[in-house]
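User: Could you take me through this model? I'd like to go topic by topic.

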Amino acid sequence: MTVVLSIKAATLEEKQRVSSLLASEGCVYQWSGAQAVIYDGNFSEKLKRRLDNETSVIAIQQLTTPHPLVSLEFKSAPSLIKAGPITFGGPGIPIIAGPCSIENQTQMTQIAQAVAQAGGSLLRGGAFKPRTSPYSFQGLGIEGLMLLKESAKPLNLPVVTELMDLRKLDAFLSHDIDIIQIGSRNMQNFDLLRAVGQTNKPIILKRGLAATIKEWLLAAEYIAAAGNEQIILCERGLRHFDNTYRNMLDISAIPYLKTMTHLPVIVDPSHAAGRADLVPALALAAVAAGADGLLIECHPTPDHALSDGEQSLTPEQLKNLIEQVKPVAKAIGREII
Ligand code: PEP
Ligand code: MN
């Protein structure tokens, strides 16, 4: 159980009045705008009576959810998350595409043009790569951030890239990275979640390798509780007992999350499949199930990619995939944007 207090105005004075009342009852709480979330076990009858008499408090909601700020129980309207001209969570379904790793300028110039021509609306690429082996290509680092922005700029594509270490956050902000991705391996890196929660950038929060939905939503709550509610959840397949293909795409998560959270839910069929030939079918299924966006790996020459070449589409395959998903989106009253 959690309790959300709403106050009249998020002024320092009002917050201080309520904070000192909560502190005098030994309560653990967290402000997020004009809301204070009180954690379970802290809410006594005596505290409730005192809050009822406090004029700054306009609502006290006792909720069953452990993650109120990201929950539908607290906020019933879907959240619209904007990156440049693109909106996630509305009727449009944006396509984010690009290589697993940013490798060089030629690759990025080619792929940015290919993504725009295929009908993609955001460019992705990893500059800091979470690789299983320390001997695999680790990414170009800061130089990669520059190449990503430079290649996207002439095409007006917002960019998405993964942050692994909070010491690099300033570089992400100074390079004006439009959407910060928190990868599966860092879904429960709580310091990182708190740090991106203090920015005003949209965050793509990927589901952990074997995370439950509850753990995933609580990770999102960390970001929201730190003050940033611009969160996009990304299902990317789960570790599974059967390793025939890379991961098991949890399609059920999409409609289920729609009953739990106001946050948009996008799907990454590439890391789920681990093989390019399976990606289009998973993308179609994701859109049919209500996904609010797709994140797809593609590369000008997948055979020569420095990471995840097996699952990367060629520019032509990306174009075909986008053409294929358009009628599926239309069939459920939505549109690929
Ligand atoms: C990626 O997007 O390149 C990536 C590493 O994804 P994930 O965190 O889902 O493995
Ligand atoms: Mn990858």
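Predicted model: local features only at pLDDT ≥ 70, side-chain atom pairs only at ≥ 80, totals over all residues.

User: How is the protein divided, and how far apart do the domain centres lie?

Analyst: The protein is split into domain 1 (2–64) and domain 2 (81–336), and the C-alpha centres of domain 1 and domain 2 are 37 Å apart.

User: How many residues does the largest nonpolar core have, and which have the most contacts inside it?

Analyst: The largest nonpolar core has 75 residues, and those with the most contacts inside it are Leu123, Leu205, Ile231, Leu233, Leu294 and Leu321. Helix α7 (residues 213–225) supplies the largest share of this core, with eight residues.

User: And where does that core lie relative to the domains?

Analyst: Domain 1 (2–64) and domain 2 (81–336) both give residues to this core, so it lies between them.

User: What does Ile231 touch, leaving aside its neighbours within four places in sequence?

Analyst: With those neighbours left aside, Ile231 is in contact with Val70, Ile81, Ile203, Leu205, Ala220, Ile223, Ala224, Leu263 and Pro264. There is also a second, separate core of 14 residues, which includes Val3, Ile7, Val18 and Cys27.

User: Switching to aromatics, how many pairs are there?

Analyst: The structure holds two aromatic pairs. In one of them, the ring centres of Phe190 and Tyr222 are 4.5 Å apart and the ring planes are at 25°; planes under 30 degrees apart count as stacked, so this pair is stacked.

User: Which helices do those two residues sit in?

Analyst: Phe190 is in helix α6 (residues 190–197) and Tyr222 is in helix α7, 32 residues apart, so that the pair links distant parts of the chain.

User: Are they buried, exposed or in between, and what are the values?

Analyst: Phe190 is partly exposed, with a relative accessible area of 31%, and Tyr222 also counts as partly exposed, at 29% relative accessibility.

User: Which residues of α3 are buried, and what do they pack against?

Analyst: The buried residues in α3 are Gln107, Met108, Ile111, Ala112, Ala114, Val115 and Ala118. These residues cover an arc of only 165° around the axis, which puts them on the same side of α3. The buried residues of α3 pack against β8 (95–98), β9 (122–124), α4 (142–152) and α11 (315–331).

User: What does the face turned away from the buried side carry?

Analyst: That face of α3 carries the exposed residues Thr106 and Gln117.

How values were computed:
Residues numbered from 1 in each chain as written. Chains lettered and ligands numbered in written order. Heavy atoms only, no water. Core = buried A, V, L, I, M, F, W, Y, C linked by side-chain atoms within 4.5 Å. Buried < 20%, exposed > 50% of the residue type's maximum accessible area, 1.4 Å probe, protein only. Helix = DSSP H or I, 4+ residues; strand = E, 2+ residues; numbered from the N terminus. Domains from an automatic or database assignment. Contact = heavy atoms within 4.5 Å. Phe/Tyr/Trp six-rings, centres within 6.5 Å; stacked < 30°, edge-to-face > 60°. Arc of directions from axis to C-beta.
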